[in-house]
Amino acid sequence: MAQDTQIEKVLILGAGPAGLTAAVYTGRANLDPLVITGTELGGQVALTNEVENYPGFPEGVTGAELVERFQKHAERFGARFEYDSVTGVDFTQGPPYTVKTASRTYRAWAVIIAMGASARRLGVPGEEEFIGRGVSYCATCDGFFFTGKDVVVVGGGDSALEEGIFLTKFASRVRIIHRRDQLRAGPILQERAKRNEKISFIWDTVVEEVIGDGAVQGVKVRNVKTGEVGTLKTDGVFIFIGHDPNTALFKGQLEMDERGYLITDDLMHTSVTGVFAAGEIQDPVFRQVATSVGQGCAAAMSCTRWLEEMEEKIKQAEAAG
Ligand code: NAP
């Protein structure tokens, strides 16, 4: 595996709104940031059909366009992009710290982690088996394949309703299956979903199995109040039941809360000096593009200050080769 002889000033892990904003700020501070993008440039927002609540875009903007603009902005200030995924880190020794991808080993004086969160799985039989064959976690990516077909959506939060509404552009019917009789989603989306003639709700119900033969044909469900079980025929199962932070790589190296979110202080420092975190990997509460952008900015500013404090040590190390 190739090893970079050069020690980067700052490595940014992840290229969603938090990582790309950190790249804009560290680039503008002449830190020559290197962004390791992971498999999904732009993160979750890149897969969002329409972003309606990011300031400056009163008419709304597609997630893909917003990400493209973020990236162009970062490139304008010299950010470099490596389209690779992080496979391991060593924060137990350093700085400089070690970050590995499949093809290289990097070293960096500072690291900003912005690797976001991933769609949570239901964990029922048939779910994994039918991913890509009727089970999906992204309406923007897969909605088109369900033109004229029947789909169910699992979940009762903003994502379930927003994506369910989007699916009505394609599907003939969208049934939203929620485990309670009250939605978690905000009032505007609730009202929109309830007004939509293609959408209906199945309350107090959980999906216990996805069934099919080569492709999804239905779901086995159970009413949690009555205990009644049954089968719903459907062509697609869209699951939007929240997210889990992508922190598996950092177990044992960085402090996390009981749900696996990285713990940061007010200045976005993690438990290791010189390692910062921003966006959904450390934020279980807000999880908006606007808050991730703010956290990416804050992490970059803290990182810049920290590197200024380290300047003498870095110069000495560079002089020693
Ligand atoms: P969420 O708010 O955590 O909602 C998850 C939903 O899935 C809840 O209704 C939950 O039920 C249900 N659920 C969780 N685990 C389940 C399981 N094992 N089986 C069945 N149902 C399960 O997640 P989200 O909708 O992805 O939203 C995440 C954050 O992004 C939120 O802060 C949200 O406001 C934000 N967001 C905002 C927008 C927007 O502003 N337009 C759009 C999308 C997301 P319970 O309600 O019973 O817990």
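A polar contact here is a pair of N or O atoms within 3.5 Å. With that in mind, let's look at this predicted model, beginning at the ligand. Gly 156 takes part through its backbone: one of its N or O atoms there lies 3.0 Å from an oxygen atom of the ligand. Ser 159 uses its side chain instead, with an N or O atom 2.7 Å from a ligand oxygen. Arg 184 also has a polar side-chain atom 2.7 Å from an oxygen atom of the ligand. On its own, the ligand has 920 Å² of accessible area, and the protein covers 77% of that.

## The shell around the ligand

Which residues come nearest to the ligand? Of the 20 around it, they are Asp 158, Ser 159, Glu 162, Arg 180 and Arg 184. By class, the shell is made up of 9 polar, 6 charged and 5 nonpolar residues. Helix 4 gives the most to this shell, with 3 residues.

## Helix 4 and the sheet

Helix 4 covers residues 158-167 and lies across strands 9, 10, 11 and 15. Relative to strand 9, the helix runs at about 170°.

Those strands belong to an open sheet of 5 strands, paired in parallel in the order 8-15-9-10-11. Strand 8 (135-136) and strand 11 (199-202) are at the edges with a single partner strand each, so one side of each has no neighbour in the sheet. Further in, strand 9 (residues 150-154) is joined to strand 15 (residues 236-239) by 4 bridges. Within this pair, Val 152 has Val 237 as its bridge partner.

Technical notes
Residues are numbered from 1 along each chain as its sequence is written. This is a predicted model: local features need pLDDT of at least 70, side-chain atom pairs count only at pLDDT 80 or more; totals for chains, interfaces and linings use all residues. Side-chain values use heavy atoms; hydrogens and water are left out. Two strands pair if DSSP finds at least two bridges between them. Helices (H or I, at least four residues) and strands (E, at least two) are DSSP runs, numbered from the N terminus. Contact means heavy atoms within 4.5 Å. Axes are lines fitted to C-alpha atoms, for helices over the stretch in contact, and angles run from 0 to 180 degrees between N-to-C directions. A residue is near a molecule or strand if one of its heavy atoms lies within 4 Å of it. A polar contact is a pair of N or O atoms within 3.5 Å; within protein, one must be able to donate a hydrogen and the other to accept it, and residues adjacent in sequence count only if both atoms are side-chain atoms. Accessible areas come from the Shrake-Rupley method with a 1.4 Å probe; for residues, only the protein chains shown count as cover. Ala, Val, Leu, Ile, Met, Phe, Trp, Tyr, Cys and Pro count as nonpolar, Asp, Glu, Lys and Arg as charged, and the others, Gly among them, as polar.
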